[in-house]
There are 2 protein chains.
Amino acid sequence: MSKPDILLFESYEAWDMEPMQSNFTVHLFPSSGICTDLDQDTRNKITAFAFKGHSKLGAEVIDAFPNLALIANYGVGYDTIDIAYASSKGIKVTNTPDVLTNDVADLAIGMLLAFNRGIVGAEAWVRSGKWAADGAYPLQRSLSGTAVGIAGLGRIGRAVAKRLQGFDTDIHYYSRTQKETPGWTYHEDLVDLAKAVDVLVVAVSGGPDTAQIISKEVINAVGADGLLVNIARGSTVDEEALIHSLKANAIRGFASDVFMNEPNIDERFTKLDNVLLQPHQSSATVETRKSMGSLQRDNLLAFFASRPLVTPVN
Amino acid sequence: MSKPDILLFESYEAWDMEPMQSNFTVHLFPSSGICTDLDQDTRNKITAFAFKGHSKLGAEVIDAFPNLALIANYGVGYDTIDIAYASSKGIKVTNTPDVLTNDVADLAIGMLLAFNRGIVGAEAWVRSGKWAADGAYPLQRSLSGTAVGIAGLGRIGRAVAKRLQGFDTDIHYYSRTQKETPGWTYHEDLVDLAKAVDVLVVAVSGGPDTAQIISKEVINAVGADGLLVNIARGSTVDEEALIHSLKANAIRGFASDVFMNEPNIDERFTKLDNVLLQPHQSSATVETRKSMGSLQRDNLLAFFASRPLVTPVN
């Protein structure tokens, strides 16, 4: 029996390519970026995409593949995929939830500690010889004993909260509805949450519903003694208002793994001292990337074997 | 009533100096570093030291102050103070435990996450524009799901373990005796502990009993896939053996806040890529330094009021 034809977007590690090629006939998305650069005959054969979320996947691409039936996304966030359009054509979408939750939550705590404790600046202080020449590094700020707010209490928000419990922090959260929690304080308004805490961690899903929910008003409520941490999507933050506040020290800091227009982020961020910038690497560990690739393939294999999809989105 | 005379070592923040000067007649340790540069009359008046632990405090200094009765140390570690000699002369020693436990444990977790997730290198990747120019930062390593060992299960070791529980890590520990724990695995041998874990965190007290307990053999047992984290004292590590292992990639990495001969640390550390270097800043937050100063003064005030010392060492 011939192997099913799939279309691969972007690049994969060898540990993913090998099992992918042994199970499927793998076609690569054209390096031109134009899907119709693949001939019609090949496009007719392709019934599934192995997708990565860095480009828009809408009607134009979907319509070029008349027999497309599955989009298997590598990643938990699928905000670049037009799910409604895919659904309208009977195309199923899967993602890779859960397997990256721990890593994303770990990076949130890592960024929070790295910012509050000045780990990046302190490292440079030692390496440059300033410790010996100029003495102690300036005093930084505690995490333990503070109040931390989480915007969005889905899988990742909960994993962040679970970690924070070990740090003797007061945990507050915002979500559309109040959830069952071990004593965390619910705020039905995001501005109220931002006012109540020392640190605000953004852990909502991306997409139109959460576009710029970290508005100028929320940023003002975080305030001059507050830190904003983003592990969600760059689209959730009004970056123009944020950069203005950072420059004016109207907010203490911004630690973020995600930005608008990644990787071509607003260059003004890179000139600021009161930011910690990470290159959207929240799931970028060897361990988790192996799990994500494996789950993506499990969805493809389930589809071609007519078994239920492992982690369907629609 | 005249204010008691105390001798102040090193420098203090304004928030400490003000209450210190309103309660005591404050003399400064001579900037020459030679205590006998203070005249005999002044030395006779001094009955207490407000000490910081960066220099040796032994018989030579103690004997120069015939009426010395209290050494109030700013910090939890008192390995630079000759406690036996102080005790033999009836001099009491106090320290500032507990108030810095959370900050030290936080920095241990912060260093662990910063190292495993490459936070320092990833930040430079973004700031230098490499994310946009060269693409994704290289894959790093997970913390969650690993086995972490703690050498020394005192206050700080326990606080580290408590935090790690939120990260779904398997927790192992070494101490002289087995302790009551919620299911953490005890190892009576440090080499066995090092072999069993992915990360080894050093949280023992300093002093002669723990000198170079992180020996060549322990470092080898941490191994090429293992990370060593030190928040204890530089004296606990055989730095010569460690630098050799780091250069040979016989150990994955070393994340440390403490070194021999601080702040003049072995320059070879600053040339390595597989280390995260911090300038002994584990308690260096505004919040904790205020608490440490306050507890140091509480001990001085208790002493001069003939009340029981708050946190006596001997």
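**Close-up views of a predicted two-chain model**

**View 1. Cover over helix α11(B).** The buried residues of α11(B) are covered by elements that include α10 (216-222), β11 (253-256) and β12 (275-277) of chain B. Helices (H or I, at least four residues) and strands (E, at least two) are DSSP runs, numbered from the N terminus. This is a predicted model: local features need pLDDT of at least 70, side-chain atom pairs count only at pLDDT 80 or more, and totals for chains, interfaces and linings use all residues. Residues are numbered from 1 along each chain as its sequence is written, and chains are lettered from A in the order in which they are written.

**View 2. The buried face of α11(B).** In this helix (residues 239-247), B:Glu239, B:Leu242, B:Ser245 and B:Leu246 are buried (20 or more other C-beta atoms within 10 Å of the residue's own, C-beta atoms being placed from the backbone). These residues fall within an arc of 125° seen down the axis of α11(B), so they line one face of the helix. The arc is that of the directions from the helix axis to the C-beta atoms. B:Asn249 follows α11(B), with a positive phi near 50°.

**View 3. Domains of chain A.** The domain assignment, automatic or from a database, gives domain 1 (5-99 + 286-304) and domain 2 (101-277). Their centres, taken over C-alpha atoms, are 32 Å apart. Five residues of domain 1 of chain A are in contact with seven residues of domain 2 of chain A (C-beta atoms, placed from the backbone, within 7 Å).

**View 4. Around A:Val201.** Not counting residues up to four places away in sequence, A:Val201 touches residues including A:Ala108, A:Val148, A:Val229 and A:Ile231.

Key
A residue is buried if 20 or more other C-beta atoms lie within 10 Å of its own, exposed if 12 or fewer, and partly exposed in between; C-beta atoms are placed from the backbone. Two residues are in contact if their C-beta atoms, placed from the backbone, lie within 7 Å.
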